[in-house]
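Hi there,

Here is the structure I promised to pass on to you. Please have a look at it first, and then read my notes below.

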Amino acid sequence: MFRKKIYGQSKTEECPFCGKIPTTSNEQKIPTCQDHKDVLLEDLKCACNDWLDLKESKYGPFFVCMNCGPVSFKKALDLNGYPLKSILDL
Ligand SMILES: [Zn+2]
Ligand SMILES: [Zn+2]
């Protein structure tokens, strides 16, 4: 008997500013905890050092780089030093 494990399906479930479970979202529609709902994500940079554009999809927020195309929300936050723990599940 094998149990199916599903990876990579999880949405962003941590406040990008502190890693807590989000209970609300900020002006940018990014899930955050109550403490950080008024905090906005500053301009983030891509691995190629270009700026990332914040976009929204039905799966949640993500970023687009002019050079690299779409960059996942978690990856962009990781590149910019935000403390998402679930980044390890990517
Ligand atoms: Zn927070
Ligand atoms: Zn890039």
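What share of the contacts in the chain with a separation of 6 or more comes from residues 24 or more positions apart? They account for 27%, where two residues are in contact if their C-beta atoms, placed from the backbone, lie within 7 Å.

A word on the ground rules. This is a predicted model, in which local features need pLDDT of at least 70 and side-chain atom pairs count only at pLDDT 80 or more, while totals for chains, interfaces and linings use all residues. Residues are numbered from 1 along each chain as its sequence is written, and chains are lettered from A and ligands numbered from 1 in the order in which they are written.

**Overall layout**

Read from the N terminus, the order is β-β-β-β-β-α.

Three of the strands make an open, antiparallel sheet in the order 3-4-5; strands count as paired if DSSP finds at least two bridges between them. Strand 3 (52-57) and strand 5 (69-71) are the edges, each pairing on one side only. On average, neighbouring strands here are turned by 40° against each other, direction ignored; the axes are lines fitted to C-alpha atoms, for helices over the stretch in contact, and angles run from 0 to 180 degrees between N-to-C directions.

Six bridges hold strands 3 and 4 in their antiparallel pairing, and a hairpin of two residues links them. Within that pair, leucine 54 sits opposite phenylalanine 63. Strand 4 (residues 60-65) is joined to strand 5 by three bridges, with cysteine 65 opposite glycine 69.

**The core**

In the chain of 90 residues, 22% count as buried. Buried takes 20 or more other C-beta atoms within 10 Å of the residue's own, exposed 12 or fewer, and partly exposed lies in between, with C-beta atoms placed from the backbone. The largest nonpolar core has 10 residues, among them Ile30, Leu41, Leu44, Cys46 and Phe63; such a core is a set of buried Ala, Val, Leu, Ile, Met, Phe, Trp, Tyr and Cys residues joined through C-beta atoms within 7 Å. Helix 1 (residues 73-79) gives the most to this core, with three residues.

Leucine 44 lies in the loop between strand 2 (31-32) and strand 3. It is buried because it has 20 C-beta neighbours inside 10 Å. Beyond four places in sequence, leucine 44 contacts Leu52, Phe63, Ala76 and Asn80. The C-alpha atoms of leucine 44 and asparagine 80 are 6.4 Å apart, although 36 residues separate them along the chain.

**Some exposed spots**

Threonine 24, in strand 1 (residues 24-25), is exposed because it has 12 other C-beta atoms within 10 Å. Its contacts beyond four places in sequence are Thr32, Gln34 and Lys37.

Most residues other than glycine have a negative phi. Lysine 29, however, has a positive phi near 70°; it lies in the loop between strand 1 and strand 2 and is exposed, with 11 C-beta neighbours inside 10 Å. Asparagine 49 has a positive phi near 80°, and its place is the loop between strand 2 and strand 3. Asparagine 49 is exposed, with 8 other C-beta atoms within 10 Å.

Best wishes

Definitions and conventions. Helix = DSSP H or I, 4+ residues; strand = E, 2+ residues; numbered from the N terminus.
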